[in-house]
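Hi everyone, and thanks for coming.

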Amino acid sequence: MEKIADIIESIANEKGLEIEDVKERVIRAIINTAKKIYGENYEYDAVIDNATKTLHLYQKITVVEDGDERLAEDNEHYLGVSEAKKVDSGVEIGDELTYELSTDNLGRTAAQTLHKELEYHIQRLMEEKIFQKYQDMVGHMVFGSVTRVDSEENTFIEIDELRAVMPRKNRIKGEKFKPGDVVKAVIKSVYIDKSMGIKVELSRTSPKFLEALLKAEVPEIKDGLVLIAASARIPGERAKVALVATSPNVDPVGATVGTKGVRINAVTKELNGENIDAIEYSAEPTILITRAMAPAIISSVKIGEDNKAVVSLVTEQKSKAIGKSGINIRLASMLTGHEIELNELGARGESKDENTKDLKALFGDL
């Protein structure tokens with residue numbers, strides 16, 4: 001145990017870990033080793049002397065009243081106050097006495113046990129560090145090389161220390177990957193599998209992937225001059241993104257689209273041709289919904305109960321509002337967080353339901 005501090009520093013430098021974290025795991029490993037060598041029923045503590053760079057191992061015993069029933073049940077963890085005062089006259093009930101244990105002659109069995117404990121705890125520390133690293137990166141873009149694609153079309157991608165997986169459902173429709181391809185994606189989730197260890201799931205269909213691509217392509221978003229307030233996607237088809245500028249001198253939509261659409265087109269290309277509508281965000285729901293329904297021109301928006309929005313528009317704008325296969329209204333609903341209901345207006349700017357009521361009042365049911 002001589003120069004244990006040097007050993008800790010060496011492990012930390014070799015594995016890229018914090019010295020204090022390694023120190024804590026080494027102490028834990030030594031205490032576990034002591035329990036296996038000296039007995040599980042004892043309490044132990046270990047202290048590393050930074051001045052001498054050596055380790056001291058202690059056995060702890062709690063001082064209790066002489067008549068305490070725990071003395072009869074467990075005299076290995078407890079010591080009566082009268083006996084304790086023979087060792088140290090200043091002790092009181094509740095104090096802990098510590099006895100230093102020699103580590104000089106632990107033998108080969110102890111050395112092998114300590115080696116296994118150290119290996120286990122340092123490995124767990126490394127896994128925890130990697131897990132935390134990727135947990136903090138959820139929603140961020142990464143890229144790596146495809147190593148294989150299995151029979152279920154799960155794509156395995158090598159990123160830094162580990163191999164991540166992108167399930168088929170997280171792949172844009174029509175995309176195909178083969179070993180050697182370099183793929184961009186966002187980290188969707190990180191979890192621990194009992195048999196497989198750390199698992200990182202990647203996605204190219206998440207709205208976060210769209211946001212990450214825009215951040216990489218648009219300097220104003222990267223620098224915080226333009227913020228992405230909300231985004232919605234139907235992967236491979238169409239997307240909408242709501243933008244807000246933090247400076248009055250910046251046009252959030254213009255900056256994001258770029259000259260002749262060069263910036264937004266670069267993102268569209270990465271998304272397998274996915275069209276992207278960029279709109280300016282508004283904190284006023286009626287304005288935001290009106291903008292989100294583009295290219296349709298909306299006459300009015302009324303916010304009702306249960307987050308429902310009734311959008312009134314003339315007949316000519318209805319097909320634009322709905323979009324192909326309902327894609328426009330679905331994205332607008334996803335972007336704004338409101339359930340959108342269309343109210344078609346007649347020639348006089350009244351809803352068709354109102355026109356029908358007027359006709360019935362004049363002519364009745366024919």
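This is a predicted model: local features need pLDDT of at least 70, side-chain atom pairs count only at pLDDT 80 or more; totals for chains, interfaces and linings use all residues.

Residues are numbered from 1 along each chain as its sequence is written, and side-chain values use heavy atoms, with hydrogens and water left out.

Let's start inside. A nonpolar core here is a set of buried Ala, Val, Leu, Ile, Met, Phe, Trp, Tyr and Cys residues joined through side-chain atoms within 4.5 Å. Buried means under 20% relative accessible area, exposed means over 50%, and partly exposed is in between, using a 1.4 Å probe and protein chains only. The largest nonpolar core has 22 residues, and those with the most contacts inside it are I289, M293, I298, L335 and I340. Which elements give two or more residues to this core? They are β10 (226-234), α10 (285-292), β14 (308-314) and α12 (327-336). As for those labels, helices (H or I, at least four residues) and strands (E, at least two) are DSSP runs, numbered from the N terminus. The largest share of the core, 5 residues, comes from α12.

Now pick out I298. Contact means heavy atoms within 4.5 Å. Leaving aside neighbours within four places in sequence, I298 is in contact with T290, M293, V311, S312 and L313. There is also a second, separate core of 21 residues, and L17, L55, L101 and I122 are among them.

Back to α12. Because 7 of its 10 residues are buried, α12 is largely enclosed by the rest of the structure. The buried ones are I327, N328, I329, L331, A332, L335 and T336. What covers them? The cover includes β10, β11 (238-245), β12 (275-280), α10, α11 (318-322) and β15 (339-345). Just after this helix, G337 takes a positive phi of about 80°.

Next comes H338, in the loop between α12 and β15. H338 is buried, with a relative accessible area of 11%. Its side chain reaches the backbone oxygen of T336 at 3.2 Å. Not counting residues up to four places away in sequence, H338 touches P285, I289, I303, N307, A309 and S333. If you look back at the core, I289 was listed there among the residues with the most contacts.

Is R238 buried or exposed? R238 is buried, at 17% relative accessible area. Now for polar contacts: each is a pair of N or O atoms within 3.5 Å, where within protein one must be able to donate a hydrogen and the other to accept it, and residues adjacent in sequence count only if both atoms are side-chain atoms. The side chains of R238 and D277 are joined by a polar contact of 2.7 Å, and those of R238 and N328 by one of 2.9 Å. N328 is one of the buried residues of α12.

Let's turn to a helix pair. Two packed helices are described by the angle between their axes and the distance between the axes. Here, axes are lines fitted to C-alpha atoms, for helices over the stretch in contact, and angles run from 0 to 180 degrees between N-to-C directions. The axes of α2 (residues 19-38) and α5 (residues 107-135) come within 8 Å and cross at roughly 145°. Residues making this contact include V22, A29 and I37 of α2 and L114, L118 and I122 of α5.

Finally, some backbone details. The peptide bond from A294 to P295 is cis, with omega near 15°, and P295 lies in the loop between α10 and β13 (300-303). D160 has a phi near 50°, a positive value in a residue other than glycine. You'll find D160 in the loop between β6 (155-159) and β7 (162-166), and D160 is exposed, with a relative accessible area of 62%. N272 also has a positive phi, about 60°, although it is not a glycine. N272 lies in the loop between α9 (262-270) and β12 and counts as partly exposed at 41% relative accessibility.
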